[in-house]
Amino acid sequence: MNTPPPTDPTHTYARWGHPHTHLLGQGMEGTVHHLGPGPLGTDLIAKAWHTKTPTDLRPLQAFYEELAAQHLPFDTPRILHIRHHHTTTITIEPHLPGTALDTHLAQGTLTHTQAQDTLTQVLNALSHTHAGEATRALPVLDEEDPLWKGHTTFPHALAALVQRRTHRFTPSLTTALPDLPHLLQALLERLTRLPERPTRIVHGDLCPPNVLATPQGAPTAVLDWGFVTTAADHPFDAATAAGFYDMYGPRARSFDDALLDRWVGERGPERDRALLYRAAYALAGANAYSPDGRDGHFDWCVRLLRRPDVRGVLGS
């Protein structure tokens, strides 16, 4: 995790009328504090972003408004205000209700079957969304330009992303995947041959920490949009979420296979499409957290790209 902002923002929050804040969490993007009730009674949080500027956050703010207009059966973030603390950008947002699925699992409140049912409800709801201009305007990973810039279909936009990222991180990827040129070519050919489909809003990072629920498993909120959030073919979310459910645990592969079976079928074109999207994520996202590939996420992506079922879809 990145270090928190160099100066403590809680004194600023007190000046803004929130003297009794407490830390909710620190992550790669920023530090989140609970502020308490706002002027209109809304329960608020403040997120102090490590590197984002107001210019960076306005597309995300517009996307949140487009997302809210989908009338999903759970809450999603909104940026109410963009403010400053010294050189740090701070967003004021509603506090989303519920407890993260990974917390429910750790506490034994929900079983894996119940947590997977919750994720299924979220995926089903997202499959009925409409991706508009604000969704298409989002960049993904650490890129500056929107994923869709210069493209009219998701498969071609995704193929271009894979090509850019693979070129950028060739040294570390080639060390781990000696047949990288052949692998990349096979993936690009298959992506660009995919037929166009209606685009939905895909979260891109659906995993137990990012889905909040009641103790009965009803989804209450989905958070942490923006990592790979875009307008895309809906199975992209199902393909990645199945792998993200338990990336590093001893039952990771069995969960992965079972969720893919449930969401895209045990075999056939939808399963192949999902594995193709997973391979695209693995190549494009392998170096998301480490340019030189020295982290667990990179290793997870490389192992995925070595899997026989993935290689079979790629014809390699």
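Trainee: Hi! Which helices do the buried residues of helix 12 pack against?

Mentor: They pack against helix 7 (170–176), helix 8 (180–192), helix 9 (235–244), helix 11 and helix 13 (308–314). Packing here is contact, meaning heavy atoms within 4.5 Å. This is a predicted model, where local features need pLDDT of at least 70 and side-chain atom pairs count only at pLDDT 80 or more, while totals for chains, interfaces and linings use all residues. Residues are numbered from 1 along each chain as its sequence is written, and side-chain values use heavy atoms, with hydrogens and water left out.

Trainee: Which residues of helix 12 are buried?

Mentor: In helix 12 (residues 296–306), the buried ones are His297, Phe298, Trp300, Cys301, Val302, Leu304 and Leu305. Buried means under 20% relative accessible area, exposed over 50%, and partly exposed in between (1.4 Å probe, protein chains only). Helices (H or I, at least four residues) and strands (E, at least two) are DSSP runs, numbered from the N terminus.

Trainee: And what does Asp295 reach at the start of helix 12?

Mentor: A side-chain oxygen of Asp295 comes to within 3.4 Å of the backbone nitrogen of His297.

Trainee: Let's talk cores. How many residues are in the largest nonpolar core?

Mentor: That core has 86 residues, and Val162, Leu187, Leu191, Trp263 and Leu283 have the most contacts inside it. Helix 11 (residues 269–285) gives the most to this core, with 10 residues. A nonpolar core is a set of buried Ala, Val, Leu, Ile, Met, Phe, Trp, Tyr and Cys residues joined through side-chain atoms within 4.5 Å.

Trainee: What does Leu191 touch?

Mentor: Leaving out residues up to four places away in sequence, Leu191 touches Pro155, Leu158, Ala159, Val162, Leu276, Tyr277 and Ala280.

Trainee: Switching to the sheet: what order do the strands take?

Mentor: The 5 strands form an open sheet in the order 1-2-3-5-4, with antiparallel pairing. Strand 1 (22–26) and strand 4 (81–85) are the edges, each pairing on one side only. Two strands pair if DSSP finds at least two bridges between them.

Trainee: Why is strand 3 largely enclosed?

Mentor: Because 6 of its 7 residues are buried, strand 3 is largely enclosed by the rest of the structure. Strand 3 is joined to strand 2 (residues 30–37) by 7 bridges, and it pairs with strand 5 over 6 bridges.

Trainee: What sits in the turn between strand 2 and strand 3?

Mentor: The two strands form a hairpin with 5 residues between them, and Gly41 in the turn has a positive phi of about 90°.

Key. Polar contact = N/O pair within 3.5 Å; in protein donor to acceptor, adjacent residues only side chain to side chain.
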